Amino acid sequence: MTQSLLTLFSAGIWWVIYSSAIAVVPALIVWLSLRWLEKTPVVFNRAYLASLLWALAAVLTGGLVIAAQHGRAPGASIFTLPWMRASLVADMVLGAWLVWWMVPRVDARRVKPTSACMAVALVMVVAMVVGTAIRR
């Protein structure tokens, strides 16, 4: 009982540590793209917080990727599964909502929803390109 609790606690700590390290690159992409799209500065620490929460959810969703590849032929695309595509869309909607809800401009207004969607789309394009390049 104690060992399983310690294992769960350790996994939770590593989940937060890895997610906070992973969230730096999306936060920079979100921050730079929002500065460009909104034509006014945005708050970086809030962009990082939104990216951190999004990365925490994405790492949990990444478990679905690992579960989806179990028992499948090596090299088979995971995007042939409809629930995997749906989880990717849900992850993007969550990211856009977090960016829109949490990242203010310096004049204390929210960023536009279209800007938040574009920032999330840029992060996903970079992630797909890097993921494709690493896999090959």
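Colleague: How many residues does α4 have, and how far does it reach?

Modeller: Helix α4 (residues 82-102) has 21 residues and reaches 30 Å from first to last C-alpha, close to the 30 Å expected. The expected span is 1.5 Å times one less than the number of residues. Helices here are DSSP runs of H or I, at least four residues, numbered from the N terminus.

Colleague: What is this based on?

Modeller: This is a predicted model, with local features needing pLDDT of at least 70, side-chain atom pairs counting only at pLDDT 80 or more, and totals for chains, interfaces and linings using all residues. Residues are numbered from 1 along each chain as its sequence is written, and side-chain values use heavy atoms, without hydrogens and water.

Colleague: Which residues of α4 are buried?

Modeller: Met84, Ser87, Asp91, Gly95, Ala96, Leu98, Val99 and Met102. Buried means under 20% relative accessible area, exposed over 50%, partly exposed in between (1.4 Å probe, protein chains only).

Colleague: Switching to the loops, where is Lys39?

Modeller: Lys39 is in the loop between α2 (24-38) and α3. Its phi is near 60°, a positive value in a residue other than glycine.

Colleague: Why remark on that?

Modeller: Because most residues other than glycine have a negative phi.

Colleague: Is Lys39 buried or exposed?

Modeller: Lys39 counts as exposed because its relative accessibility is 70%.

Colleague: And what is phi of Ala108?

Modeller: Near 65°, also positive in a residue other than glycine. Ala108 lies in the loop between α4 and α5 (113-135), and at 67% relative accessibility it counts as exposed.

Note on methods: Helix = DSSP H or I, 4+ residues; strand = E, 2+ residues; numbered from the N terminus.
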